[in-house]
Amino acid sequence: MRVFSRLARDAKAWIGDPRPEALASLIERARSASPGVPEARRADWDKLLAGFETPDAKPGPRVEGLLRACRMF
């Protein structure tokens with residue numbers, strides 16, 4: 001799907017230039033793309049996104065995971 005291509009591109013850009021405001025936008029767009037995630041992978045997707053909210057979350061590895069997940073879809 002096209003939305004996941006854009007998310008992957010933006011995740012890759014964030015990895016190169018990690019800005020907090022860009023991360024917030026990326027997470028919000030990933031949440032809005034959730035309905036397009038195949039049902040078989042939905043629990044994993046939800047867990048990935050929920051991990052951004054944990055107090056000890058390291059955004060770099062999370063965004064890398066988001067990038068990999070978007071490439072699958």
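Student: In which helix is Ile15 found?
Tutor: This is a predicted model, in which local features need pLDDT of at least 70, side-chain atom pairs count only at pLDDT 80 or more, and totals for chains, interfaces and linings use all residues. Residues are numbered from 1 along each chain as its sequence is written, and side-chain values use heavy atoms, with hydrogens and water left out. Helices (H or I, at least four residues) and strands (E, at least two) are DSSP runs numbered from the N terminus. On that numbering, Ile15 belongs to helix H1.

Student: Is Ile15 buried, partly exposed or exposed?
Tutor: Buried means under 20% relative accessible area, exposed over 50%, and partly exposed in between (1.4 Å probe, protein chains only). The relative accessible area of Ile15 is 35%, so Ile15 is partly exposed.

Student: Which residues does Ile15 touch, not counting residues up to four places away in sequence?
Tutor: Contact means heavy atoms within 4.5 Å. Ile15 and Leu67 are 52 residues apart in sequence, with their C-alpha atoms 9.6 Å apart. Leaving out residues up to four places away in sequence, Ile15 touches Val63, Glu64 and Leu67.

Student: Which residues of H4 are buried?
Tutor: Cover for the buried residues of H4 includes helix H1 (2-16), helix H2 (20-32) and helix H3 (42-51). The buried residues are Val63, Gly65, Leu66, Leu67, Ala69 and Cys70.

Student: How far apart are the end C-alpha atoms of helix H4?
Tutor: The expected span of a helix is 1.5 Å times one less than its number of residues. Helix H4 (residues 59-72) has 14 residues and so should span 20 Å; the distance in the model agrees, at 20 Å.

Student: Is Arg68 buried or exposed?
Tutor: Arg68 is in helix H4, and its C-alpha atom is 20 Å from that of Arg19, 49 residues away in sequence. Because its relative accessible area is 52%, Arg68 is exposed.

Student: What is the relative accessibility of Lys58?
Tutor: Lys58 sits in the loop between H3 and H4. Its C-alpha atom is 23 Å from that of Ser5, and the two residues are 53 apart in sequence. Lys58 counts as exposed because its relative accessibility is 60%.

Student: What distance separates the C-alpha atoms of Arg2 and Phe73?
Tutor: Arg2 lies in helix H1 and counts as exposed, at 67% relative accessibility. Arg2 and Phe73 are 71 residues apart along the chain, and their C-alpha atoms are separated by 9.1 Å.

Student: In what order do the elements of the protein run from the N terminus?
Tutor: The protein has 4 helices and 0 strands. From the N terminus on, the order is α-α-α-α.

Student: What is the radius of gyration of the protein?
Tutor: The radius is taken over C-alpha atoms, and the globule rule is 2.2 Å times the number of residues to the power 0.38. The C-alpha trace spans about 30 × 25 × 15 Å along its principal axes. For 73 residues a compact globule would have a radius near 11 Å, so the protein agrees with the rule, at 11 Å.

Student: What share of contacts between residues at least 6 apart in sequence joins residues at least 24 apart?
Tutor: Of the 73 residues, 33% count as buried. Among contacts between residues at least 6 apart in sequence, the share joining residues at least 24 apart is 55%.
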